[in-house]
Amino acid sequence: MIKIDDQRKLISVEEVLKNAALDLSNYNINAKQTRKKGFLLRIDQNEVMLEYSDLVSLYNALLELSVNEEKTIIIEKEMFNSKLGIMLDCARNGAINFQAFKKFICIAALMGYNYVKLYVEDLMKLDGEDFFGYMRGAYSQEEFKQINDYAGSIGVEFVPCIQTLAHLNQIFRWKEYKAINDCEDILLVGEERTYELIEKMIKFCRDTTDSKRINIGMDEAEMVGLGKYLSKNGYRNRFEIMKEHLERVIEICKKYDFTPEIWSDMFFKIAFDGKYYVPYAEINGQIHDYIPQDLKLIYWDYYHKEEINYEDMLKNHRQLKKDVIYAGGIWTWRGFAPNNKLTEKTMFPALDACRKEKIDNIFFTMWADDGAECSRFSVIGSMLVLSQKCYDEDVDFNKISKMIEKITNYSYEDFLVLDQPNFIYNNGTPSCSNPSKFLLYNDLFISFFDDYVRDNIKEYYSKLADKLRILGKKNSPYNFLFENLSNLSKALSYKADLSKRIKEAYDSKDFQELELCAKDIKQAIIHIRKFYDSFKKQWLQENKAFGFEIHDARFGGLIFRLQNCLEVLVRYINHKIEAIDELNEARKSYKYDGNQLLVFNNYSENITSGKL
């Protein structure tokens, strides 16, 4: 039983515990809001006195209580930072549905996250903009407000995350927006129609959200001013272009009572010859003049493994703005499998640097590059690890494993198994390589990836499929994660090495091996179909239906291509044709800066060197 000083808070607590499936019915809990930060638990047998600072600290105290094994103990904890957020990428075709959002945000709140961002780009239904986010799962005002209101009801701030300069490539296919396309995916600065559109975006956010904060993007716009803008205005200093554009957008934000935040990379790239991540250096005072006062900078970095890299960049940012926001990354953007271990290896030194530099506002991005293939729920173990790292410098993995098991019936170590479809290199050492994606879509006859096929790859994926299948049989609402990647691994146990085996057998005229390859193609098709079914189930649990048409096309194309290659191969084996044109060509593989741990996450360039 839980007794709280405000009945409305009790409703919020019950909602979070229900969605996180956390049972505390064996305790008598008396909770009072008495603290400025963090929480304090006084546990005496089944009687608990709980002091908390806000609703999220209350939830986190309850999670702590759920794994306590001491009969009598006092536990007092607080994070070094006061703001901890999570950002969900909805713009790469996977727009999270409301039911999945409810479950996800309750779990995040229980772990200590007090704000959430939805990264939406054009996924807003704007008045008079019929093609903005058209057929992409764009959120209506009612849907956005529903998300905002639900988050607010459990004490979590909902912060809109949009784009007001670049990353709007999806709208430029429509003639309605051609006139305001500078080049690539960049809006045309200085054009009144541009600011009319931006104002509609910001007004949409104001009409649907309660937060005073808004992320207005403006990252990775290196070509700003070098397309249509150049033709109209001649060459101008990009700092000046950025400053003028920012000032216009900030004025719109002020009009709607928003304090804007932007990704900081453009200022650094213009100042440091295209480089963002640079060692500590005195920054030219002139740059300060180009950054408006009413603006917060977000330093984003998910890649480094040494604390000094993060520390230097935080110090560089502090020269520009005292109030720096740090955005880390929970690795969900390299295909179907997550990378929980790499998240740990990159974010631990980042958080150590943030603690040292006293960064108060931290959030973690969960990008969804090239199709939103990875489940957001596959990294809830990482979410817990990172929130606990904000409490304690030295993370207690044993306690974390118990906490995550309370919520999911899986341990943290179980969640790490979801990483393993990509860990075929370097004895499982975490890297950002993603062979489970590029070898799935790799073409059998025109492969670009044979150099990355390891000798034991068939056995590796076969054993992993069995391991994941066993985990998928657990009684848990999250068993679909393990079932899905088991099906992927099983398909790869037949598919991953086929291109290399076929080419080698063809060159040596080993018809017996080619017959074995033909049998494996048949098995690969069977198991790819099973993977498609489980992936579709995962998608519809988490996302709107929009965006899945891309995966229908990808899986359908893969299966039809395998069937065609099988037919051609059988004709060759039976001497119906004398040669296979594609196999007569010498094989060449993609190179990645001389590094054998290839990262390749571009479907269209994965399957062909032609124009898709």
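The crossing of H16 and H17 is left-handed, where a left-handed crossing has the near helix turned anticlockwise from the far one by less than a right angle, and a right-handed one has it turned clockwise. This is a predicted model, in which local features need pLDDT of at least 70 and side-chain atom pairs count only at pLDDT 80 or more, while totals for chains, interfaces and linings use all residues. Residues are numbered from 1 along each chain as its sequence is written, and side-chain values use heavy atoms, with hydrogens and water left out.

**Helix packing**

- The axes of helix H16 (residues 457-471) and H17 come within 8 Å and cross at roughly 160 degrees, with axes fitted as lines to C-alpha atoms over the stretch in contact and angles running from 0 to 180 degrees between N-to-C directions.
- H16 is therefore roughly antiparallel to H17, a label given to angles over 145 degrees, whereas angles under 35 count as roughly parallel, 65 to 115 as roughly perpendicular and the rest as oblique.
- Helix H17 (residues 479-495) also packs with helix H19 (residues 511-542), at an angle of about 160 degrees and with the axes 8 Å apart, so H17 and H19 are roughly antiparallel to each other.
- The crossing of H17 and H19 is left-handed, and their contact has nine nonpolar, seven polar and seven charged residues.
- In these counts Ala, Val, Leu, Ile, Met, Phe, Trp, Tyr, Cys and Pro are nonpolar, Asp, Glu, Lys and Arg are charged, and the others, Gly among them, are polar.
- The helices are DSSP runs (H or I, at least four residues), as are strands (E, at least two), and they are numbered from the N terminus.

**Domains**

- The protein chain is assigned domain 1 (2-77), domain 2 (83-376) and domain 3 (423-584), with bounds that come from an automatic or database domain assignment.
- Taken over C-alpha atoms, the centres of domain 1 and domain 3 are 47 Å apart.

- The largest pocket holds about 750 Å³ of space, and of its 29 lining residues the closest to the centre are Asn93, Arg136, Gln170, Arg173 and Ile550.
- Helix H20 (548-573) and helix H22 (603-607) are the elements that give two or more residues to this lining, and H20 has the largest share of it, with four residues.
- By class, the lining of the largest pocket has 11 nonpolar, nine polar and nine charged residues, and at least three residues come from each of domain 2 and domain 3.
- The second largest pocket has a volume of about 410 Å³, and Arg92, Tyr303, Trp333, Arg334 and Asp369 are the closest to its centre among 18 lining residues, while its lining has eight nonpolar, four polar and six charged residues.
- On a 1 Å grid over the protein atoms alone, a pocket is an open set of points with protein on both sides within 12 Å along at least five of seven lines, a cavity is a set where a 1.4 Å probe fits but cannot get out, and lining residues have an atom within 4 Å of a point.
- Grid points are joined across faces, edges and corners, and a volume is the space filled by probe spheres set on the points.

**Cavities**

- A search of the whole structure finds four cavities of 30 Å³ or more, and the largest cavity has about 120 Å³ of space.
- The largest cavity is lined by 15 residues, with Ala372, Cys374, Ser375, Arg376 and Glu542 nearest its centre, and H19 gives the largest share, four residues.
- Because domain 2 and domain 3 both give residues to its lining, the largest cavity lies between them.
- The second largest cavity has a volume of about 60 Å³, and its lining divides into five nonpolar, four polar and one charged residue, including Trp331, Trp333 and Arg334.
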